[in-house]
Amino acid sequence: MRALTLVFQHRDFYALNKPAGAPMHANDEQLSVVHQLAAQLDEQLWPVHRLDTPTSGVLLVARSQIAAAKLSQLFADHAMHKTYLAVAAGKPKKKQGWIIGDMDKVRRGNWRLLHSKENPARTYFTSTALQPGYRLYRLQPQTGRTHQLRVALKSLGVPIVGDTRYGGEANAHLHLHAWQLAFNYDAEAIVITAPLPDYGLFPAVAAQITTKDGVAN
């Protein structure tokens, strides 16, 4: 089990760069990522939000119950500004804009996006050409539903590379990375960026993202 990497430290919380494959819930083979970090730092920690097991990137972990409640409330109030990066093959139905619709649970834990908008998931995105046959997507979810971004790109006809659950091109890794969180905490403006993984198509993404975007080269 490899050591977890912190990308931000605060008196009330940590932010780690969660590796793809690190689970939020313990299984027969691994501790939960929060319990692994707690053991690594020899400190009691509290979960604040979650990332899917195959998703990498910024994950906040609170250092007290009070901090966990404050941070969780920021997520509930949609005061956490989240930016994800994803890579998909093919031509999308549109190259930028909103993806809005209710989400419906279907077979085997999958979800689908509906045309109805009674209680919709909302995602704003932009995209740029990455290399022949592939595009880079910057996704800014305004809600936090299970598999929201994976289903959003599936609805555009371009499931994420490695997302075989939703028909994506086969790859050893899901190409979805929680790249940046921006929020205010106790009147302090905080921006946290998680460096991109070094596998698959992510090196091409890193080459396209400039240093002014906040990624360390």
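## A buried aspartate

In this predicted model, Asp 12 sits in the loop that runs between strand 1 (6-9) and strand 2 (13-18). Asp 12 is buried but takes part in no salt bridge. The nearest side chain of opposite charge belongs to Arg 11, at 4.4 Å.

Leaving aside residues up to four places away in sequence, Asp 12 touches Ala 62, Arg 63, Ser 64, Ala 67, Lys 70, Tyr 185 and Asp 186. Two of these contacts, Lys 70 and Asp 186, form a salt bridge with each other.

## Salt bridges of Asp 186

Side chains of opposite charge can pair when their charged atoms come close. The structure holds 7 salt bridges. One of them joins Asp 186 and Arg 11, with N to O at 3.6 Å. This pair links distant parts of the chain, 175 residues apart: Asp 186 is in the loop between strand 11 (176-185) and strand 12 (188-193), and Arg 11 is in the loop between strand 1 and strand 2.

Asp 186 also meets Lys 70 in a salt bridge, with N to O at 2.9 Å. Lys 70 belongs to helix 2 (residues 65-76) and Asp 186 to the loop between strand 11 and strand 12, so this bridge ties together parts that lie 116 residues apart in sequence. Asp 186 is partly exposed, at 45% relative accessibility, and Lys 70 is partly exposed at 33%. Arg 11 is exposed, with a relative accessible area of 57%.

## A buried pair and its network

Asp 163 and Arg 150 form a salt bridge whose closest N and O atoms are 2.7 Å apart. Asp 163 lies in the loop between helix 3 and strand 11, while Arg 150 lies in helix 3, so the pair connects parts 13 residues apart in sequence. Both residues are buried. Through shared partners, salt bridges join Arg 50, Asp 52, Arg 150 and Asp 163 into one network.

## The largest pocket

Strand 5 (81-89), strand 10 (134-141) and helix 3 (148-155) each contribute at least two lining residues. Strand 5 gives the largest share, 4 residues. By type, the lining divides into 8 nonpolar, 12 polar and 5 charged residues.

Definitions and conventions
Residues are numbered from 1 along each chain as its sequence is written. This is a predicted model: local features need pLDDT of at least 70, side-chain atom pairs count only at pLDDT 80 or more; totals for chains, interfaces and linings use all residues. Side-chain values use heavy atoms; hydrogens and water are left out. Buried means under 20% relative accessible area, exposed over 50%, partly exposed in between (1.4 Å probe, protein chains only). Lys and Arg count as positive and Asp and Glu as negative; His and the chain ends are not counted. A salt bridge is a side-chain nitrogen of Lys or Arg within 4 Å of a carboxyl oxygen of Asp or Glu. Contact means heavy atoms within 4.5 Å. Ala, Val, Leu, Ile, Met, Phe, Trp, Tyr, Cys and Pro count as nonpolar, Asp, Glu, Lys and Arg as charged, and the others, Gly among them, as polar.
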